[in-house]
Amino acid sequence: MDYARIVTTIRTLALEAGAEIMQVYESPDFEVKTKSDASPVTEADERADKLIAAGLAAAFPEIPAVTEEQAASHAIKAPVFFLVDPLDGTKEFVQRRGDFTVNIALIENGVPTRGVVYAPAKGRLFYTDAAGQSQEEAGPFGAEPGALTPLRVGKPDPAGLVVVASKSHRDQATDDYIAKYAVADFRSAGSSMKFCLVAAGEADLYPRLGRTMEWDTAAGQAVLLGAGGEVVRFDDHTPLAYGKSGFENPFFIALAPGIDLVPA
């Protein structure tokens, strides 16, 4: 597997898709449509998806791509495939909050081994390098990578954890679970940025007790794994795997190692 070429390609495609998204985001108005599952979709989702899908197919015709916005791709079953959410956090996008991201991941035998998470409105770019180590690149972003900061999860203090929670999906069940831990502080973030905060050592624990799809989480999980973190199922604390039927995730917990997880 040519990881160097894969990382270069997905980084470039994420930046180009981010530019397409920001053109729509900064326009005076844009149409919001509703998909069959009642979730919103915009021109930005569609433009970014078209760009990424075409770019991956041109660069790696031998590797299939599963993308949120192309229902036909959801029938793909393969040991190695790309998993794409061209605009994660459409609700944040529609409300003109900056917490939306472009997510592209490479899945190998159920594990997201390489991934990029780009938050164009925030100017933050996270990805795994060819060796699998996660990095945050400093902007402005050009054709060649700029200054890189290696990411490493923090060392949690069990007596005072920092927990990251969703801006759009916080509920009572999540609050009840978090209450089982000694929490010193909270961080709030949207989309896959929550994984990146744990990867960067800015948070220790991210529990998600709600519906997500694999394309929502794969790139963020790749970044977290490349920083020494873990993502486990909520029910039995086994690693969260990919390529599941229907691409739907169970509840999960993303964390820095060293936390004694309480039973579900």
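Rings of Phe, Tyr and Trp (its six-membered ring) are taken to pair if their centres lie within 6.5 Å, with planes under 30 degrees apart counted as stacked, over 60 as edge-to-face and the rest as tilted. By this rule the count comes to eleven aromatic pairs. The structure is a predicted model, in which local features need pLDDT of at least 70 and side-chain atom pairs count only at pLDDT 80 or more, while totals for chains, interfaces and linings use all residues. Residues are numbered from 1 along each chain as its sequence is written, and side-chain values use heavy atoms, with hydrogens and water left out.

A pair of aromatic rings is described by the distance of the centres and the angle of the planes. One of the pairs is formed by Tyr 177 and Phe 234, and its geometry is edge-to-face, with 4.9 Å centre to centre and 70° between the planes. This pair links distant parts of the chain, 57 residues apart: Tyr 177 lies in helix α4 (residues 172-178) and Phe 234 in the loop between β13 (230-233) and β14 (252-255). Here helices (H or I, at least four residues) and strands (E, at least two) are DSSP runs, numbered from the N terminus. Tyr 177 and Phe 234 are buried, a term that means under 20% relative accessible area, against over 50% for exposed and partly exposed in between (1.4 Å probe, protein chains only). The rings of Phe 195 and Phe 252 are stacked, because their centres are 5.8 Å apart and their planes stand at 15°. This pair also links distant parts of the chain, with Phe 195 in helix α5 (residues 193-199) and Phe 252 in strand β14, 57 residues apart. Phe 195 and Phe 252 are both buried.

A charge is counted as sitting over a ring if NZ of Lys or CZ of Arg is within 6 Å of the ring centre and within 35 degrees of the ring normal. The charged end of Lys 77 sits over the ring of Phe 247, at 5.3 Å from its centre, and Lys 244 lies over the face of Tyr 242, 5.1 Å from the ring centre. Phe 247 is located in the loop between β13 and β14 and is buried, because its relative accessible area is 1%.

An open sheet of seven strands is found in the order β3-β4-β5-β6-β7-β8-β9, with mixed pairing; two strands pair if DSSP finds at least two bridges between them. The edge strands, each pairing on one side only, are β3 (65-67) and β9 (148-150). From one strand to the next the twist averages 20°. Strands β3 and β4 (residues 80-88) pair in the parallel sense over three bridges, and Val 66 has Leu 83 as its bridge partner in β4. Helix α6 (residues 214-225) lies across β3, β4, β5 (101-108), β6 (111-119), β7 and β8 (134-137), and runs at about 100° to β6. Axes are lines fitted to C-alpha atoms, for helices over the stretch in contact, and angles run from 0 to 180 degrees between N-to-C directions.

Strands β7 and β8 pair in the antiparallel sense over four bridges, and Leu 125 has Glu 137 as its bridge partner in β8. The two strands form a hairpin with five residues between them, and Gly 132 in the turn has a positive phi of about 95°. Strands β8 and β9 run antiparallel and are joined by three bridges; the partner of Glu 137 in β9 is Leu 148. Ser 134 and Glu 136 point one way from β8, Gln 135 and Glu 137 point the other way, and all are buried.

Thr 128 belongs to strand β7 (residues 124-128) and counts as buried because its relative accessibility is 1%. Its side chain reaches the backbone nitrogen of Gly 115 at 2.8 Å, where a polar contact is a pair of N or O atoms within 3.5 Å; within protein, one must be able to donate a hydrogen and the other to accept it, and residues adjacent in sequence count only if both atoms are side-chain atoms. Leaving aside neighbours within four places in sequence, the contacts of Thr 128 include Val 7, Thr 113, Ser 134 and Ala 222 (heavy atoms within 4.5 Å).

Most residues other than glycine have a negative phi, and most peptide bonds are trans. Asn 109 has a positive phi of about 50° although it is not a glycine. Asn 109 lies in the loop between β5 and β6 and, at 65% relative accessibility, counts as exposed. Phe 247, also not a glycine, has a positive phi of about 60°. A cis peptide bond with omega of about 0° joins Gly 139 and Pro 140, and Pro 140 is found in the loop between β8 and β9.
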